Amino acid sequence: MANKRQLKKAIKYACGEIAGQCIVAANTLENTDVDQWDNIVINVALLQQEAVNRVSVDYDKTPSDFENRKAYNKARRAYFKQVEKALADYMHTQTEKVVEAMNALTPKAQK
């Protein structure tokens with residue numbers, strides 16, 4: 001797992017970029033519902049909050065729970081790898097939903 005601080009920053013930057021694109025689209029696209037764009041921005045903020053909360057986890061076992069330090073380290077690495085995969089899956093599915101909502105509000109190109 002990456003450094004928690006760096007991971008949180010990456011999540012905040014990504015969500016900020018998505019929210020920024022929504023704000024730009026709401027202000028530049030003609031005949032668009034600004035309230036729906038605002039709802040997407042709110043959903044992105046909630047996504048950011050939940051993702052950052054999911055990064056802030058601790059391993060609940062101690063080295064004394066294992067027969068040796070090597071077994072502890074192996075179990076700890078496996079735990080954080082599982083947490084990282086769950087976070088990546090969560091971000092992927094939620095980001096897809098946000099992009100679908102953004103695409104639904106974007107007018108189709110006219111020929």
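Let's start with H2 and H3: these two helices pack at an angle of about 175 degrees, with axes 11 Å apart. The axes here are lines fitted to C-alpha atoms, for helices over the stretch in contact, and angles run from 0 to 180 degrees between N-to-C directions. H2 and H3 are therefore roughly antiparallel to each other; on this scale, angles over 145 degrees count as roughly antiparallel, under 35 as roughly parallel, 65 to 115 as roughly perpendicular and the rest as oblique. And when I say helix, I mean a DSSP run of H or I with at least four residues, numbered from the N terminus.

A quick word on what we are looking at. This is a predicted model, where local features need pLDDT of at least 70 and side-chain atom pairs count only at pLDDT 80 or more, while totals for chains, interfaces and linings use all residues. Residues are numbered from 1 along each chain as its sequence is written, and side-chain values use heavy atoms, with hydrogens and water left out.

Back to that contact, where contact means heavy atoms within 4.5 Å. From H2 it takes in Gln36, Trp37, Ile40, Val44, Leu47, Glu50, Ala51, Arg54 and Val55, and from H3 Val83, Leu87, Tyr90, Met91, Gln94, Thr95, Val98, Ala101, Met102 and Leu105. By class, the residues of the H2 contact with H3 divide into 14 nonpolar, three polar and two charged. The classes go like this: Ala, Val, Leu, Ile, Met, Phe, Trp, Tyr, Cys and Pro are nonpolar, Asp, Glu, Lys and Arg are charged, and the others, Gly among them, are polar.

Now let me bring in H1. How do H1 and H2 pack? Their angle is about 175 degrees, and their axes are 9 Å apart. That makes H1 roughly antiparallel to H2. The H1 side of this contact includes Leu7, Ile11, Cys15, Ile18 and Cys22, and among the H2 residues are Trp37, Ile40, Val44, Leu47 and Ala51. The class count for H1 with H2 is 18 nonpolar, one polar and three charged residues.

H1, residues 4–28, also packs on H3, residues 69–105, at an angle of about 5 degrees and with the axes 11 Å apart. That makes H1 roughly parallel to H3. Here Leu7, Ile11, Cys15, Ile18, Gln21 and Cys22 of H1 meet Leu87, Met91, Thr95, Val98 and Met102 of H3. The residues of this contact come out as nine nonpolar, two polar and no charged.

Leu87 deserves a stop on the tour. This residue sits in helix H3, and at 6% relative accessibility Leu87 counts as buried. Buried means under 20% relative accessible area, exposed means over 50%, and partly exposed is in between, with a 1.4 Å probe and protein chains only. Setting aside neighbours within four places in sequence, Leu87 is in contact with Leu7, Ile11, Ala51, Arg54 and Val55. Leu87 and Val52 are 35 residues apart in sequence, yet 9.4 Å apart in space, C-alpha to C-alpha.

On to the aromatics. How many aromatic pairs does a search of the whole structure find? Five. Rings of Phe, Tyr and Trp (its six-membered ring) pair if their centres lie within 6.5 Å; planes under 30 degrees apart are stacked, over 60 edge-to-face, and the rest tilted. The rings of Tyr59 and Tyr72 have centres 5.8 Å apart and planes at 55 degrees, so this pair is tilted. Tyr59 lies in the loop between helix H2 (34–55) and H3, and Tyr72 in helix H3, so the pair ties together parts that are 13 residues apart in sequence. Both Tyr59 and Tyr72 are buried. Tyr59 and Tyr79 also pair, with ring centres 5.1 Å apart and planes at 50 degrees, so that pair is tilted too. Tyr79 is partly exposed, at 26% relative accessibility. Ring pairs link Tyr59, Phe66, Tyr72, Tyr79 and Phe80 into a cluster.

Last stop, the other loop. Asn31 lies between H1 and H2, and its phi is near 55 degrees, a positive value in a residue other than glycine. At 84% relative accessibility, Asn31 counts as exposed.
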